[in-house]
Amino acid sequence: MLKLYGGAKSRASIVRWYLEEIGLPYEFVLLDLQAGEHRQPEFLKLNPMGKVPVIVDGDLVLWESGAILLYLAQTHGQLPSDAATAAKVYQWVLFANSTLSQAMFPPENRDRQLPSLLAGLDATLQGNTYILGADFSVADVALGSILAYLQMLFQVDLSPYPAVEGYTERLRSRPAFQKGLLGANA
């Protein structure tokens, strides 16, 4: 069975959300990050960077939430078969994990970068149910989790971006989001 290592409030919840979406059984190994369990030699053998999430799937050990999401999507038939459409999935996962997440910290980044990023995202989402159109994908997990963190951690007001606001409401209503990202009924 796949093992997912993470902390109580860590980016491992992004992977948990996707595992719940695709219905893949997994064991969640809860590390006490406050006590430094992620810096112990045994964990550092899994990820020498001392960060979570990490998955162990058979002989594969993989870290970085975006890489894990894309691996799970590929191995469970959730990536488009044509390269151009798959590249769009990669684009949004990388955008979420790099560009958008970097705009969260420090506060001056949020003030300077976030409005233009959210405006561009709002324009992209106009008329779309999900980031790639009508169908939910792993890209929505990557993007939706960072948008959820913006609201949970910084109470970012999305009302000036109605398409983004509607998108986040649709994602929040998903049972897998509730269980994986928020820990409801976990």
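The legends below accompany close-up views of a predicted model.

**Figure 1**
In UniProt, an unreviewed entry places the feature "domain: GST N-terminal" at residues 1-80. The chain is divided into domain 1, which covers 2-77, and domain 2, which covers 83-180. The centres of these two domains, taken over C-alpha atoms, are separated by 21 Å.

**Figure 1. The open sheet of four strands.**
The strands of this sheet follow the order E2-E1-E3-E4, and their pairing is mixed. Strand E2 (26-30) and strand E4 (60-63) form the edges, each of them pairing on one side only. From one strand to the next the twist averages 20 degrees. Strand E1 (residues 2-6) runs parallel to E2, with five bridges between the two, and within this pairing Leu-2 has Tyr-26 of E2 as its bridge partner. The pairing of E1 with E3, in contrast, is in the antiparallel sense and extends over three bridges; here Tyr-5 has Val-54 of E3 as its bridge partner.

**Figure 2. Helices packed on the sheet.**
Helix H1 (residues 12-22) packs on the sheet, where it touches E1, E2 and strand E3 (54-57). The direction of H1 makes about 150 degrees with that of E1. Helix H3 (residues 65-75) also packs on the sheet, and its contacts are with E1, E3 and E4. The direction of H3 makes about 130 degrees with that of E4.

**Figure 4**
Strands E3 and E4 run antiparallel and are joined by four bridges, and Ile-55 stands opposite Leu-62 of E4. Two residues lie between the strands of this hairpin, in which Gly-58 takes a positive phi near 65 degrees. Glu-64, which is found in the loop between E4 and H3, likewise has a positive phi, of about 85 degrees, although Glu-64 is not a glycine.

The peptide bond from Val-52 to Pro-53 is cis, with omega near 10 degrees. Pro-53 belongs to the loop between helix H2 (41-46) and E3. A cis peptide bond also leads from Phe-105 to Pro-106, with omega near -15 degrees. Pro-106 is placed in the loop between helix H4 (83-102) and helix H5 (107-125).

**Figure 3. The interface between domain 1 and domain 2.**
The size of an interface is often given as the accessible area lost when the parts come together. Domain 1 and domain 2 bury about 1500 Å² between them, and 70% of this area is on carbon and sulfur atoms. On the side of domain 1, the residues that lose the most area to domain 2 are Trp-17, Glu-21 and Leu-70, which together account for 44% of what that side buries. Counted by contacts, 14 residues of domain 1 meet 20 residues of domain 2.

**Figure 4. Salt bridges between the domains.**
Side chains of opposite charge can pair when their charged atoms come close. A search of the whole structure finds two salt bridges, and the count between domain 1 and domain 2 is likewise two. In another salt bridge, Glu-20 is paired with Lys-179, with the closest N and O atoms 3.8 Å apart. Glu-20 lies in helix H1 and Lys-179 in helix H8 (residues 175-180), so this pair ties together parts that are 159 residues apart in sequence.

How values were computed. Residues numbered from 1 in each chain as written. Predicted model: local features only at pLDDT ≥ 70, side-chain atom pairs only at ≥ 80, totals over all residues. Heavy atoms only, no water. UniProt positions renumbered as here; feature names shortened; annotations may be inferred. Pairing = 2+ DSSP bridges. Axes fitted to C-alpha atoms, helices over the stretch in contact; angles between N-to-C directions. Contact = heavy atoms within 4.5 Å. Domains from an automatic or database assignment. Buried area = accessible area lost by both parts, 1.4 Å probe. Salt bridge = Lys/Arg side-chain N within 4 Å of Asp/Glu carboxyl O.
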